[in-house]
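I opened this one to see how the pieces sit against one another. My notes follow, in the order I looked things up.

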Number of protein chains: 2
Amino acid sequence: MKFKCSQITLTKALNIVSKAVTNRSTLPILKGIFMEVREDGKLRMVTSDHEITIEETIDVSETEKGSVVVQAKLFSDIIRKLPNAEVTIEVENGSVTVRCLNSQFSIVGLPADEFPAVEIISDQQDGILFEKSVLKEMIRKTSFAASVDESKGVLTGILIELLSDSVNLAAIDGYRLAVSRKAMVNLEEKNVVISAKIMNEIHKILSDASEEEETVKLILRDKNAVFAIGNVKVVLRLLDGEFIKYRDVLPADSNIKIKVSKGDLTESIERASLLSKEGKNNLIKFAIRDNILTITSKSEEGNVKEEILISKEGEDLDIGFNAKYVLDVLKAIDDEEILMYFNASIKPCLVEPLEGNSFEYLILPVRITGN
Amino acid sequence: MKFKCSQITLTKALNIVSKAVTNRSTLPILKGIFMEVREDGKLRMVTSDHEITIEETIDVSETEKGSVVVQAKLFSDIIRKLPNAEVTIEVENGSVTVRCLNSQFSIVGLPADEFPAVEIISDQQDGILFEKSVLKEMIRKTSFAASVDESKGVLTGILIELLSDSVNLAAIDGYRLAVSRKAMVNLEEKNVVISAKIMNEIHKILSDASEEEETVKLILRDKNAVFAIGNVKVVLRLLDGEFIKYRDVLPADSNIKIKVSKGDLTESIERASLLSKEGKNNLIKFAIRDNILTITSKSEEGNVKEEILISKEGEDLDIGFNAKYVLDVLKAIDDEEILMYFNASIKPCLVEPLEGNSFEYLILPVRITGN
């Protein structure tokens, strides 16, 4: 096996395929990258950690057919540190030689046939086309709200909901719900759930993928899903189980509505949370009075009072929150102003954009006592 | 006690004084910052961790005399997160109120008289004036070579050597020696040793100090030294003990001299060290033959060969090094080309600039065996 390729192309490809390399697997070969120079003179690279498999195919030159598995970390480190010039890779008797200008490495290769058989991933099926930037944004706006508790099953995932006129992503961990919507025409209504951790890897892969690729194709199959971004294909396992009917959780109406600057609210809560300690659920209190939202918080070390101008419709209200849950939501929002809907101090707060419903967040309150 | 001050001025001052706040002290009050509004209407802040004491005096307005100690971390976090506007600090009945626009904090103050008495640090004595940038560079070029082993006493420090015509900084940990020299006229020859860890804090304080301050004054006293940078004064304990006579270690002459690109050498050693494992002292081998320096290294995972063009005077040589010790030296050097002097494979290597002697590094070799 042999090929030549520019150092920069190979480095970029390795950055992407390395994302499926595991250090936890019981199969040592999965710490490696399967590399295959094919009949058509292209280099195919595959990595897998059971949950996610990444395949990338790149153009290389002066090829000789063959395959090998290389240690992912060592091989990536070597390629990344080579000068920006042409790299020659040659495999002979299980030994992988890397040459670039005045550098020559010879490292131990692993037998390619020990790598679990990986089908060539096809993207020739029907799927949903996303703009890359849109899918990245939808993942960022929802994944933080998924449960990080591995025992929570389907709640560790993000629901991808294909409706006839939109695609919705939703995540819920019992304390908050995040929904991101995008108008899109789909042929078939369908729901799948994908691990939020893996969706965050997809987010990174989308960030690292060639800027020339502007679209991502999502193909839903029986047990898995495929994201195809140009010459990169990612197959991932779907999570089993019924996702919470999140629409039933969203409040139908509200009797208090405020409009507030997202920046002011974020900064005030960040300051207030300096005096809201972990042990106390990061408790901060909102007092909504006419057009002033007062946020207070206290600990043994002191107390803080923050005032923010708002415009309000409806009654006054006192309600408590875990500062972290509110901040997570505010950080996921890019809008300068937001609407917040309340009903009572024991009912969740709904956060929406000034117009439309491109996102919806629901935050559970913390019960507050007398003082 | 009361004063007003811009948030940005107060934040910068807190960044500097926080550097002497310890979390290890047995005296809880030393986790605090002593703040005193003085007769002259200035705010004096003091922190100390026994080894280093920092005092900073800043101009404030609308003052009322008094003093208090605040929790360093909490107070700094609060001030840093306030909006960029005027901040009012007021102390009443042991409670410290912080006001800024629509934010109001009230935190617990600690009694100022529990803070260890700290003399007002005078900079009205004779001392050595450094350009700030020069002192920073001299610290950076030497501190990495000091021992990090606390049991090594004076070797954990940097020697500051005042000669009639120059100031030299030197550090040595038994494996390498670093010397940085600056021509400077001094009235009195004198040597002191200061902990390298504290010199690194001085480096940070110099980086954080106002850009208007271009000079640093070093005053040497009996048991301690003072660095004065404008309104910031740092007192630190001197290390006891006799520093190694480093001049005796520097080789008088050499029979091999090479000139090499620092960048090429750094990159080649970084690549070679990918295959030189910790357990093996990061061993890399230099083979000097005519005008080629070949660097090799190997581990169970493979081997590497790097070739670099050099110009050489003297014989051929094979010599081994710990890659880390050579890289530390190369990273401290800004020159594009360097001179390396050798005598034999068991004698140390001397690194110098092409001209002058503004720095000298000595690196001990690692004994190499047959293959």
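Predicted model: local features only at pLDDT ≥ 70, side-chain atom pairs only at ≥ 80, totals over all residues.

**Helix pair in chain A.** The axes of H3(A) and H4(A) come within 10 Å and cross at roughly 145°. I checked the hand too, and H3(A) passes H4(A) in a left-handed crossing. On the H3(A) side I listed Lys132(A), Leu135(A), Lys136(A), Ile139(A) and Arg140(A) as making the contact. H4(A) answers with Met199(A), Ile202(A), His203(A), Leu206(A) and Ser207(A). Sorted by class, I get five nonpolar, two polar and three charged residues for this contact.

**Chain A overall.** I then stepped back to the whole chain. Chain A has seven helices and 26 strands. I get about 75 × 50 × 35 Å for the span of its C-alpha trace along the principal axes. Of the 371 residues in chain A, 39% are buried. I also looked at contacts with a separation of 6 or more: in chain A, 68% of them join residues 24 or more positions apart.

**Two copies.** How does chain B relate to chain A? I laid chain B on chain A and got an RMSD of 0.0 Å, using a turn of 180° and a shift of 0.0 Å along the axis. That is the relation of a two-fold axis. Both copies use the same surface, as 100% of the contact residues of chain B recur in chain A.

**The contact between the chains.** I count 23 residues from chain B and 23 residues from chain A in the contact. On the chain B side, helix H2 (72-81), strand S9 (103-108), helix H6 (262-272) and strand S21 (302-309) each supply at least two residues. Which of these gives the largest share? I found that S21(B) does, with seven residues. By class, the side of chain B that touches chain A has eight nonpolar, seven polar and eight charged residues.

**Two helices in chain B.** I looked at helix H1 (residues 7-17) of chain B next, where Leu10(B), Ala13(B), Leu14(B), Ile16(B) and Val17(B) are buried. Down the axis of H1(B), these buried residues fall within an arc of 160°, so they line one face of the helix. A reminder to myself: an α-helix has 3.6 residues a turn, so residues three or four places apart point the same way.

**Positive phi.** Asp290(A) has a positive phi of about 50°. I placed Asp290(A) in the loop between strand S19 (283-289) and strand S20 (292-299) of chain A. Asp290(A) is exposed, with 9 other C-beta atoms within 10 Å.

Glu62(B) has a positive phi of about 45°. I found Glu62(B) in strand S5 (residues 61-64) of chain B. Buried or exposed? Glu62(B) has 12 other C-beta atoms within 10 Å, and 12 or fewer counts as exposed, so Glu62(B) is exposed.

**Two loop residues in chain A.** I went to Gly94(A), which lies in the loop between strand S7 (86-92) and strand S8 (95-100) of chain A. Gly94(A) is exposed, with 10 other C-beta atoms within 10 Å. Gly94(A) and Leu110(A) are 16 residues apart in sequence, and I get 6.8 Å between their C-alpha atoms.

Asp49(A) was my last stop, in the loop between strand S3 (42-48) and strand S4 (52-59) of chain A. Asp49(A) is partly exposed, with 19 other C-beta atoms within 10 Å. Leaving out residues up to four places away in sequence, I find Asp49(A) touching Ala20(A), Val21(A), Thr22(A), Ser25(A) and Leu30(A). I also took the C-alpha separation of Asp49(A) and Lys19(A), which are 30 residues apart along the chain, and got 9.4 Å.

How values were computed. Residues numbered from 1 in each chain as written. Chains lettered and ligands numbered in written order. Axes fitted to C-alpha atoms, helices over the stretch in contact; angles between N-to-C directions. Helix = DSSP H or I, 4+ residues; strand = E, 2+ residues; numbered from the N terminus. Left-handed = near helix turned anticlockwise from the far one by under 90°. Contact = placed C-beta atoms within 7 Å. Nonpolar A, V, L, I, M, F, W, Y, C, P; charged D, E, K, R; others polar. Buried ≥ 20, exposed ≤ 12 C-beta atoms within 10 Å, placed from the backbone. Arc of directions from axis to C-beta. Least-squares fit on C-alpha atoms with pLDDT ≥ 70 in both.
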